[in-house]
Amino acid sequence: MSGATVTSPLLQITGMDEDRARIEAAMRAAVVTSDDYLTEIASHLIVAGGKRLRPVLAVVAGQIAGAPASDDVVQGGVACELVHLGSLYHDDVMDEAEVRRSVETVNARWGNLQAILAGDFLLSRASEIAASLGTEVAGLLARTIGWLCEGQIEELRHTYDVGRDEPSYLRSIHGKTASLYGTAARIGGIVADLDRDRIDALTDFGNAYGMVFQIVDDVLDLTATAEQLGKPAGHDMEEGVYTLPVIRTLDSGGAAADELRDLLGSPLDAAERDKALAIVRDGSGIDSALRTAQRFVDEAGAACDRLGDADVIPALREAPAALLASVS
């Protein structure tokens, strides 16, 4: 996540350091091929590190019945993380990005064609792992890849669209972010052979958590410093991606909203970006967006109410609120 560092309560669960080491080893093993060149490219972002919140969520889901997470649960989480990483390879090509996780992007180092193919390779490895866990998991992961594409297309089709509405934004972030958290939690529950009610509750939790994650990330893009973000604040707005705080500001009416609407709709130079950023920061859109994030925190909490009293439940319950607290 860009902006302020958030230490998730999920990472503080007893034994999670060992589980994360299992995740890391499984991820590295998953992308080893007979071709050293492809292995290097496919491993590039894995080596760069990350919190691995999607496989962590799968592992936590696999512990709901009280037993440690099995190797198959770890593999299910790894499949989700490989889908995420594959999508990042593709995103960086689309964005012409040069840095990701403080390292050179694959497209910057090896070129767009290699980045696209390596992203495809990560998706294929994710699919192969999912298939080894059964047809339900394989079908779910395939559907989730579809949701990611739908969410990204929804965002792209509204680039520089000052008329973009809130339902479009929510559909987009459910597809491109929340669905993968929901799927990671669901796969953990399926592979751990939980009952259907708890599998559905885990899915609802993961989806709500992912919605909080993305809204918070979008707020940070507008409120954090360039040093925290590693890029100028307001980058999404500059690129024509109008997120919930911007949509709410535009919908608020008045002179400031009119001024913002006049600025947006086409690429911004640095001065225009800073002016637009000041309008959004001075308005009510950020607080309004955070209230929506709180609604999803509450939804995640309601899902936890359906999961019983396993030792991991308090951390699950605290995790979405910790995300929101990082900005509010």
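A salt bridge is a side-chain nitrogen of Lys or Arg within 4 Å of a carboxyl oxygen of Asp or Glu. The model is predicted, so local features need pLDDT of at least 70 and side-chain atom pairs count only at pLDDT 80 or more, while totals for chains, interfaces and linings use all residues. Residues are numbered from 1 along each chain as its sequence is written, and side-chain values use heavy atoms, with hydrogens and water left out.

Across the whole structure, 22 salt bridges are found. One of them joins Glu128 and Arg125, at 3.4 Å from N to O. Both residues sit in helix α6 (residues 112-132), three residues apart, which means about one helical turn separates them. Helices here are DSSP runs (H or I, at least four residues), numbered from the N terminus. Glu128 is exposed, at 52% relative accessibility; exposed means over 50% relative accessible area, buried under 20%, and partly exposed in between (1.4 Å probe, protein chains only).

Other pairs link separate elements. Glu166 and Arg248 form a salt bridge of 2.8 Å, N to O. Glu166 belongs to helix α8 (residues 166-191) and Arg248 to helix α12 (residues 244-251), 82 residues apart. Glu166 is partly exposed at 21%, whereas Arg248 is buried at 16%. Shared partners also join Glu24, Arg52, Arg54 and Glu81 into one network of salt bridges. Within it, the closest N and O atoms of Glu24 and Arg52 are 2.6 Å apart. Glu24 lies in helix α1 (residues 16-30) and Arg52 in the loop between α2 (36-48) and α3 (53-62), so this pair ties together parts that are 28 residues apart in sequence. Arg52 is buried, with a relative accessible area of 2%.

Notes. Helices (H or I, at least four residues) and strands (E, at least two) are DSSP runs, numbered from the N terminus.
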